[in-house]
2 protein chains.
Amino acid sequence: MPTINDVARHAGVSPITVSRVINNSGYISPKTRERVQAAIDELGYVPNIIARSLRSKRTNTLALVITDITNPFFTSLARGVEDTASDAGFNVIFCNTDESIEKEEKYVSLLLQKQVDGILLVPANSASLSIELIQEQDTPVVILDRKVFNVNVDVVRCDSEASAYQLTRLLIQEGHTSIANLSGPKEVSTAEDRVRGYWCAMSEAGLANPDLVFYGSYTQASGYENARRAMALSPRPTAFFTGNNFIAIGALKALQEAGMKMPDDFSLVTFDDLPLSIMLEPMLTVARQPAYEMGCRGTLLLLRRLSEDVPEKCTEVLLPIEIVLRQITDVDKKLSRERIGA
Amino acid sequence: MPTINDVARHAGVSPITVSRVINNSGYISPKTRERVQAAIDELGYVPNIIARSLRSKRTNTLALVITDITNPFFTSLARGVEDTASDAGFNVIFCNTDESIEKEEKYVSLLLQKQVDGILLVPANSASLSIELIQEQDTPVVILDRKVFNVNVDVVRCDSEASAYQLTRLLIQEGHTSIANLSGPKEVSTAEDRVRGYWCAMSEAGLANPDLVFYGSYTQASGYENARRAMALSPRPTAFFTGNNFIAIGALKALQEAGMKMPDDFSLVTFDDLPLSIMLEPMLTVARQPAYEMGCRGTLLLLRRLSEDVPEKCTEVLLPIEIVLRQITDVDKKLSRERIGA
DNA sequence: TTGTAAGCGTTATCAC
DNA sequence: GTGATAACGCTTACAA
């Protein structure tokens, strides 16, 4: 492994001159540059990034802290982050918190120790202390997907509340009067916002009923259990609003087990697209969040922070949610029944 | 940011003594250790990992190079890698090659420059040169999921050929005589192996026909297109063997568009579980590869290499594939028809 | 346009 | 048990 000194000696210049060639910094005569380049090629010299980092305090590495890469929503988001970071010459370290504040803080301090240049964080809950921890070290941070309280920080997310309102309105317009809300955890802003939007629509229609709201976690198991609880109500809900894709899957499973068929026996709308929803396509209406783009935008924002001299004030980017209508109107219902009944 | 020298001064010892306390190396009197620890706590000292890496040549970072994190198979694999690495105190850098050899090589040299301690690689194709590149630098490497030729290297993968044989046999036993194979790229070992297993079963039954084999890529688009091509054959195939989950989705979409219903109009078996296959559950038989475990095992193998003084010779770990039978027998078929027809 | 000197923060080596 | 010294490979600050 040749070092910068070897190259310098080989080219008959000083190490700093080699450094200037590598980094395109400072003035170098074409002739010197050529000689240095030749030496680099000849020796197969590769700069030692760690030594560079020690000196320059930059690692060209970002970190993405999410709850679970296994959730397709976060998978897409992660891919967006990776692609954008890679284009800018940055690597990305991934961490899964499983919605645990402890894991989150453990990871964050590890990442700070690693001196990553910036952190993209989906906070495990709204009161996460990790952000302060990061900001204390003057490490740029961007929050993705969720809100946090009492912190001045860049955020890229969607407007869950408005879309939840819309989704619920659709069910109400369908004629449903008993709509169960299978939500995520109370401490997570998206869950809260979605319940709020739902509640708003239900109240307007005079249908609001606290018994219809089931908090849980953003998991299949939670969707399954709460769907069963909801089905035990009387009157039995005829429609379900689920807080995310995993909850929807769990709920669908419970409903299927109970012998209920969509769209005849119940309606279901959910946040997040279901991958492979191809077979469900005639039936499910979803609020599709632009996960990949959220990753891209968040990363771009973070990269901009990194290159800033005078930091601008924090921004909150709200990305549009697409409501994908399927099988909502009676006409559609009939069509699909024909298709299924064949 | 206090340094080791600050701590040393504070505790009235030399920097190296502090280093010994931090790393639990060498003999330290309990009294000194205590004093040093107190100084560390008081100053809130955190070791500079980069400086440590420069000296020790270890970064406590692994890299995972896959084709596409967006594929649920690789998502699970990635999660397995992350969990295992994290337990051992390692971070993981993720890279997506999109099956491109160029991207793969670009990433690999970047990672080597970053001096990651080890690399887990799903090679973009069987003739990948990246492995030699990695081994030249004496960086430990483990190949996941796929075979490579002419290289002495650790591999963790599944036996695609045997399972492909089994899957095909199931279709043949069902009475299908025209079974199309929608495969991945010829250059990827898993695709080749799966075609080989399929071909073997077809030959045995006297059903082999090269026109039924469609090479493509491991994508939805490829599955869609090749399914359409297959449907244009006469006689039209009554069953489909798809090379992976994405191909299966594309094929299902094409078949659905053509008005064909499962399981009445066709059968389909595939490699890789379909996430959210819940609604398809009564219908799809799959060869489920243990993706998460593959990630864990690969990482463990890599970590073992890292801690070895005398390197053992390379091993090839073959993980079992689970054939998940669904809707294969006639009885099942009838059951499901009742359920669907309601 | 190029070079000198110093230092980033840690640990290996050897000495006491 | 503990410490002095040098070194890891690079870049910043200053000089020429």
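This is a predicted model: local features need pLDDT of at least 70, side-chain atom pairs count only at pLDDT 80 or more; totals for chains, interfaces and linings use all residues.
Visitor: How many nonpolar, polar and charged residues does the surface near DNA strand D have?

Guide: By class, 13 are nonpolar, 10 are polar and three are charged.

Visitor: Switching to the sheet in chain A. What is the strand order?

Guide: The order is β7-β6-β8-β9-β10-β12, in an open sheet of six strands with mixed pairing. The edges are β7 (213–214) and β12 (322–324) of chain A, each pairing on one side only.

Visitor: How do β8 and β9 of chain A run, parallel or antiparallel?

Guide: Strands β8 (residues 239–242) and β9 (residues 267–271) of chain A run parallel and are joined by four bridges. T242(A) is opposite T270(A) of β9(A).

Visitor: Now chain B. Which residue is the bridge partner of A287(B)?

Guide: I323(B), in β12(B). Strand β10 (residues 285–288) of chain B pairs with β12(B) in the antiparallel sense, over three bridges.

Visitor: Which strands does helix α9 of chain B lie across?

Guide: Helix α9 (residues 189–204) lies across β6 (179–182), β7, β8 (239–242) and β9 (267–271) of chain B, at about 170 degrees to β6(B).

Visitor: And α11 of chain B, what does that helix lie across?

Guide: Helix α11 (residues 245–257) lies across β6, β8 and β9 of chain B, running at about 155 degrees to β9(B).

Methods. Residues are numbered from 1 along each chain as its sequence is written. Chains are lettered from A and ligands numbered from 1 in the order in which they are written. Ala, Val, Leu, Ile, Met, Phe, Trp, Tyr, Cys and Pro count as nonpolar, Asp, Glu, Lys and Arg as charged, and the others, Gly among them, as polar. Two strands pair if DSSP finds at least two bridges between them. Helices (H or I, at least four residues) and strands (E, at least two) are DSSP runs, numbered from the N terminus. Two residues are in contact if their C-beta atoms, placed from the backbone, lie within 7 Å. Axes are lines fitted to C-alpha atoms, for helices over the stretch in contact, and angles run from 0 to 180 degrees between N-to-C directions.
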